[in-house]
Amino acid sequence: MDINVIRGLATLAAFIAFISVVCWAYSKKRKDDFDQAAALPFADEPQPEKVSRQEGATEQ
């Protein structure tokens, strides 16, 4: 085998892997999991009602 054939096969394998990851990421089965993961940074933030009550109590 020539080096160019090996390079072509490697490029083809990388392209197939890329398409596979894209299909996996945009599949409808994964939407709920990704929505939950996207909300994780906000999980520790207090609710706006709780913050306003605490601020109102400290001002008086």
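Hi everyone, let me start with Trp 24, which is partly exposed at a relative accessible area of 44%; here buried means under 20%, exposed over 50%, and partly exposed in between, with a 1.4 Å probe and protein chains only. Before going on, a word on the source: this is a predicted model, local features need pLDDT of at least 70, side-chain atom pairs count only at pLDDT 80 or more, and totals for chains, interfaces and linings use all residues. Residues are numbered from 1 along each chain as its sequence is written, and side-chain values use heavy atoms, with hydrogens and water left out.

So which ring pairs with Trp 24? A search of the whole structure turns up one aromatic pair. Its partners are Trp 24 and Phe 34, and because their planes stand at 85 degrees, with centres 5.6 Å apart, the pair is edge-to-face. This pair links distant parts of the chain, with Trp 24 in helix α1 and Phe 34 in helix α2, 10 residues apart. For the cut-offs, rings of Phe, Tyr and Trp (its six-membered ring) pair if their centres lie within 6.5 Å; planes under 30 degrees apart are stacked, over 60 edge-to-face, and the rest tilted. Phe 34 is also partly exposed, at 33% relative accessibility.

Now to the helices, which are DSSP runs of H or I with at least four residues, numbered from the N terminus. Helix α1 covers residues 3–25, and its 23 residues reach 33 Å from first C-alpha to last, close to the 33 Å expected at 1.5 Å a residue; that expected span is 1.5 Å times one less than the number of residues. At the start of α1, a side-chain oxygen of Asp 2 comes within 3.1 Å of the backbone nitrogen of Asn 4.

How many salt bridges does a search of the whole structure find? There are two, where a salt bridge is a side-chain nitrogen of Lys or Arg within 4 Å of a carboxyl oxygen of Asp or Glu. One joins Asp 33 to Arg 30, the closest N and O atoms being 3.4 Å apart. Asp 33 is partly exposed at 37%, and Arg 30 is partly exposed too, at 25%. In another, Asp 35 meets Lys 31 at 3.1 Å, N to O. Both of these residues lie in helix α2 (residues 31–39), four residues apart, about one turn of the helix. Asp 35 counts as partly exposed, at 38% relative accessibility.

Notes
Helices (H or I, at least four residues) and strands (E, at least two) are DSSP runs, numbered from the N terminus. A polar contact is a pair of N or O atoms within 3.5 Å; within protein, one must be able to donate a hydrogen and the other to accept it, and residues adjacent in sequence count only if both atoms are side-chain atoms.
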